[in-house]
Amino acid sequence: MLALVLLSGGVLTVDDVRAENDRVQQLSRMLAAEEEHDQVQQVLRLGLGEVTRIAERGQPVPAAARARTEDALRRFAQDPGVMSVEALAALHRLDHDRLTDGGEPLARAVRTAMTERRAAAARFAAIGGDLLRTALTDPAGIKPRMPGFLAGLKRLEHARSELRLRLVRGIDVEVSHNARKMQRSIDRVLLGGAVLLLVILLLATWLRRRVIVPIAEIADRLRQFNAGQDASAVVPGLDRRDELGELARGLAEYRHAMVERREAERRVAFLAHHDMLTGLPNRLMFEERLAHELARSRRTGERVAVFAIDLDEFKAINDRFGHAGGDSALKRAASLLSKTVRTDDLVARLGGDEFAIIQVARDQPRAAEALLARLFDALARTAQDEIALRMSVGVAVSAPDLAFEELYNLADMAMYRAKSEGRNTARFFDDGLKEEVRLRWRLAHDLEGAIERGEMYLAYQPIADADTLRVEGYEALLRWSHPELGEISPELFIPLAESSGGIGAIGLWVADRAMATAARWNRGLSLALNLSAIQFRHDRLAQSLLALADRHGIAPSRLEFEVTESATLLGVNRAAALTALRALQDAGARVVMDDFGTGHSSLGNLREFRFDKLKIDRSFVMSMLDHAPSASIVRSIIALGHSLGVPVVAEGVEGREELAALRASGCHQVQGYLIGHPARMAEERCTVA
């Protein structure tokens, strides 16, 4: 009877082990299914990264990249999950006393974690789809959506980690429970009596060698994996063909999943703080490090120097060598900067062709000057390369009252000063720039309400026929008479109005006043108005201008609207600008390309849009007598106008010699001090003959 009891107990024990191992196997399969979905997520994230990177560079997204990303998004959104019929059955078979560390039933914890993971996956799929649509239709919206994308990714990774943790806990519980059952079975066998002591001892030895020891080893290995220790160790029992072999193989799959998850977490953390192309820290890490160094410098007395760096002529590199050449130049620039700085300095890529350096030293600005010397020596050695590197650098050194945003902004201003003074050079933010910044801040403040205070007025410069010098129209020019600073140059206050967003209201005020004045002129005289690129952000710009013309009784055929190429085909509002300009043309107004010849794509603009007149930039006209290339450019533009049937007007005509040369080349109209200075028109002189 005792033997039968022992035999029955053994059979029951084997059945229990088989049932426990079946649950472990189902949980392991759930882990494998979750890993497959994670791989689809990785493909989707890489595809979105490729599409957004291409879109931010202003390139059309290749159809293949788009198709790959859409396919990954579709497969990810399907999310079959891991809750198969067998898996649900395995969860239902878990006893209610199988609890998590927090005391929650294990089956319910797994279901809750799966629900949270599915919700996070659905949210990430929606965010990914929105980011893909934004990249394809509105690249400028990519950057504002990127924090939401990263937050969704982080939430998904957290939910996935929680689900895996619950599944692993289930495996651990089942293994431990199985071990306890086996131990209790052995204890019952040992109580069978002294008669079968030898048999029991042999059975115990067999059980220990074939079952208990392997289970203990597997459980110990599981604890090591959970603690992050000995992750590369081999799980014992993989070659066994019994239930313990199944358990060992399930644990090996879990170990593989854990290793890959930790690697994915490290990669996500790296990508969140580094640039994918160059491997340098990105803007987020740069800002965190700068804030930290400024806070530390207040305690140590050291000073922080920030270098704002921009690659010169990067667009020309892309145009000539393609985006592969541009990427190569960016990588070389990153390598050059990294080799130039000290080991404790930080080099970051902020985006596009913008780089930055953080240098901390007591001896500032001497340490910054030494770094600049090393940097420009290294740049000089690239002069003979196929793609020579040139950089404009601005440097600002910290002061006790400067926040990190202000410090970088000062360095950025110094960098733009270096660009304006010839490029491939460096400038420190000094007192002169500080005064200029203060002046700009004051003017930006005083610009608000300048119209209401009567400080703004219009000056009109005549445009004459080149042969007869008969005045055919006037260009309305905005002027600002500051009550304390006197006359402010439009080159100074117009950019301030554009950056503040006030140029829209100012532009409509100029059009209103100019049309009111032009209504008193001879109807044969035209009125030329300048349009800023910012004004095209108003979706009813053309309608507003035509409504003003109608209110003042000005025929649209008397109006000329001058735009630069940045406001037409090169601007971010390209579609809106072209729509507005075509609406003005359809009403009878003329559209003039101003400053023709100074941009990178003037000929491309002529191909895309039919301008009514070309205006040669004054820089070419004023230098045409003593600068042969300028004279050639002027003649070429006039010849181009003749071939297109488009009138050409030359501005900046100040002498008879320039006039004679323009007449000889067949220029249609002229404008400049020789014809007349910009002047105010008094109310009693508004009727011009």
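1. A cavity here is a set of grid points where a 1.4 Å probe fits but cannot get out. This is a predicted model. Searching the whole structure for cavities of 30 Å³ or more turns up one. The space in the largest cavity comes to about 30 Å³. Its lining is made by Gln461, Arg618, Gly652, Glu654, Gly672 and Tyr673.

2. Next, the overall picture. The protein has 689 residues, and 46% of them are buried. Its secondary structure consists of 20 helices and 14 strands. Take the contacts with a separation of 6 or more: 69% of them join residues 24 or more positions apart.

3. A word on confidence. Mean pLDDT for the protein is 83. A pLDDT of 70 or more is reached by 85% of the residues. Residues 683-689 should be read with this in mind: pLDDT stays under 50 there. For that stretch the model has 16 contacts beyond four places in sequence.

4. Helix H19 covers residues 628-644, which is 17 residues.

5. Which residues of H19 are buried? They are Ser630, Ala631, Val634, Ile637, Ile638 and Gly641. Viewed down the axis of H19, these buried residues fall within an arc of 125°, and therefore they line one face of the helix. An α-helix has 3.6 residues a turn, so residues three or four places apart point the same way.

6. Just after H19 comes Gly645, with a positive phi of about 70°.

7. Helix H11 (404-420) is worth a look too. H11 has 17 residues. From first C-alpha to last it reaches 25 Å, close to the 24 Å expected at 1.5 Å a residue. The buried residues in H11 are Leu407, Tyr408, Leu410, Ala411, Asp412, Ala414, Met415, Ala418 and Lys419. Note that Asp412 and Lys419 are in that buried set. Just after H11, Gly422 takes a positive phi of about 125°.

8. Most residues other than glycine have a negative phi, and most peptide bonds are trans. Asn424 is not a glycine, yet its phi is positive, at about 50°. Asn424 belongs to the loop between helix H11 and strand E5 (426-428). Its relative accessible area is 27%, so Asn424 is partly exposed.

9. Although not a glycine, Asp595 has a positive phi of about 55°. Where is Asp595 found? Asp595 is in strand E11.

10. The bond joins Gln364 and Pro365, with omega at about 10°. Pro365 is in the loop between strand E3 (354-361) and helix H10 (366-380).

11. Now to Gly486, in strand E8 (residues 486-488). Is Gly486 buried or partly exposed? Buried would mean under 20% relative accessible area. Gly486 has 25% relative accessibility, so it counts as partly exposed. Leaving out residues up to four places away in sequence, Gly486 touches Trp480 and Ser481. Glu455 is 31 residues from Gly486 along the chain, and their C-alpha atoms are separated by 10.0 Å.

12. Pro490 is in helix H13 (residues 490-500). Pro490 counts as partly exposed because its relative accessibility is 25%. Which residues does Pro490 touch, not counting those up to four places away in sequence? They are Leu478, Arg479 and Pro495. Trp480 is 10 residues from Pro490 in sequence, and the C-alpha to C-alpha distance is 7.6 Å. Trp480 is also one of the residues that Gly486 touches.

Terms used: Residues are numbered from 1 along each chain as its sequence is written. This is a predicted model: local features need pLDDT of at least 70, side-chain atom pairs count only at pLDDT 80 or more; totals for chains, interfaces and linings use all residues. Side-chain values use heavy atoms; hydrogens and water are left out. pLDDT is the predictor's confidence in each residue, from 0 to 100. Contact means heavy atoms within 4.5 Å. Helices (H or I, at least four residues) and strands (E, at least two) are DSSP runs, numbered from the N terminus. The expected span of a helix is 1.5 Å times one less than its number of residues. Buried means under 20% relative accessible area, exposed over 50%, partly exposed in between (1.4 Å probe, protein chains only). The arc is that of the directions from the helix axis to the C-beta atoms. On a 1 Å grid over the protein atoms alone, a cavity is a set of points where a 1.4 Å probe fits but cannot get out, and a pocket is an open set with protein on both sides within 12 Å along at least five of seven lines; lining residues have an atom within 4 Å of a point. Grid points are joined across faces, edges and corners, and a volume is the space filled by probe spheres set on the points.
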